[in-house]
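Please examine the sequence and the three-dimensional structure shown below before reading the report.

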Amino acid sequence: MNQINPKALLHSKWTAATPVNRDKHFAVTEVEFNEDKKVIRCVIQAVYNDNEYEINWRDLKQPMLWRQGWC
C-alpha cells in the first residue's frame, strides 16, 4: 500500500499501472479540503496531453492501480 499524506498530494506525481485513455503519467493539480481538513476533491492531470480526471484520492494508495513517481 502506498503511503500518502493528504496534505502532500498537491503536485505529487503518479504512474497508472494500466493506462487511462492512453495516459500513463499524471500529476495532482487540485486538492480541496472540507472544514475538517478531509480531502473532498482530487484532480489529476495527464502529463502529455493535459487531460484532467477527478479521482478518489484513496485509490492512489493501491499499488495495483498507481505507482508513486513517474516510472
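Predicted model: local features only at pLDDT ≥ 70, side-chain atom pairs only at ≥ 80, totals over all residues.

Five strands form an open sheet in the order 4-3-2-1-5, and their pairing is antiparallel. Strand 4 and strand 5 (66-68) stand at the edges; each has a single partner strand, so one side of each is left without a neighbour in the sheet. On average, neighbouring strands of this sheet are turned by 35° against each other, direction ignored.

In general, the strands of a sheet pair through backbone hydrogen bonds, in either a parallel or an antiparallel manner.

## Strand 1 and strand 5

Strand 1 comprises residues 13-20 and pairs with strand 5 in the antiparallel sense over three bridges. Ala 16 has Trp 66, in strand 5, as its bridge partner.

Ala 17 also belongs to strand 1. Leaving aside residues up to four places away in sequence, Ala 17 touches Met 64, Leu 65, Trp 66 and Arg 67. Although Ala 17 and Leu 65 are 48 residues apart along the chain, their C-alpha atoms are separated by 5.0 Å. Ala 17 counts as partly exposed because its relative accessibility is 23%, and this category lies between the limits of 20% and 50%.

## A nonpolar surface patch

Which residues make the nonpolar surface patch? Val 47, Tyr 48 and Trp 70 make this patch of about 360 Å².

Tyr 48 is located in the loop between strand 3 (39-46) and strand 4 (52-55). Tyr 48 counts as exposed because its relative accessibility is 68%, and exposed residues are those over 50%.

Notes: Residues numbered from 1 in each chain as written. Heavy atoms only, no water. Patch = residues over 30% accessible without salt bridge, like charges linked within 9 Å, V, L, I, M, F, W, Y side chains within 5 Å. Areas by Shrake-Rupley, 256 points an atom, 1.4 Å probe, with all protein chains shown as cover. Salt bridge = Lys/Arg side-chain N within 4 Å of Asp/Glu carboxyl O. Helix = DSSP H or I, 4+ residues; strand = E, 2+ residues; numbered from the N terminus. Buried < 20%, exposed > 50% of the residue type's maximum accessible area, 1.4 Å probe, protein only. Pairing = 2+ DSSP bridges. Axes fitted to C-alpha atoms, helices over the stretch in contact; angles between N-to-C directions. Contact = heavy atoms within 4.5 Å.
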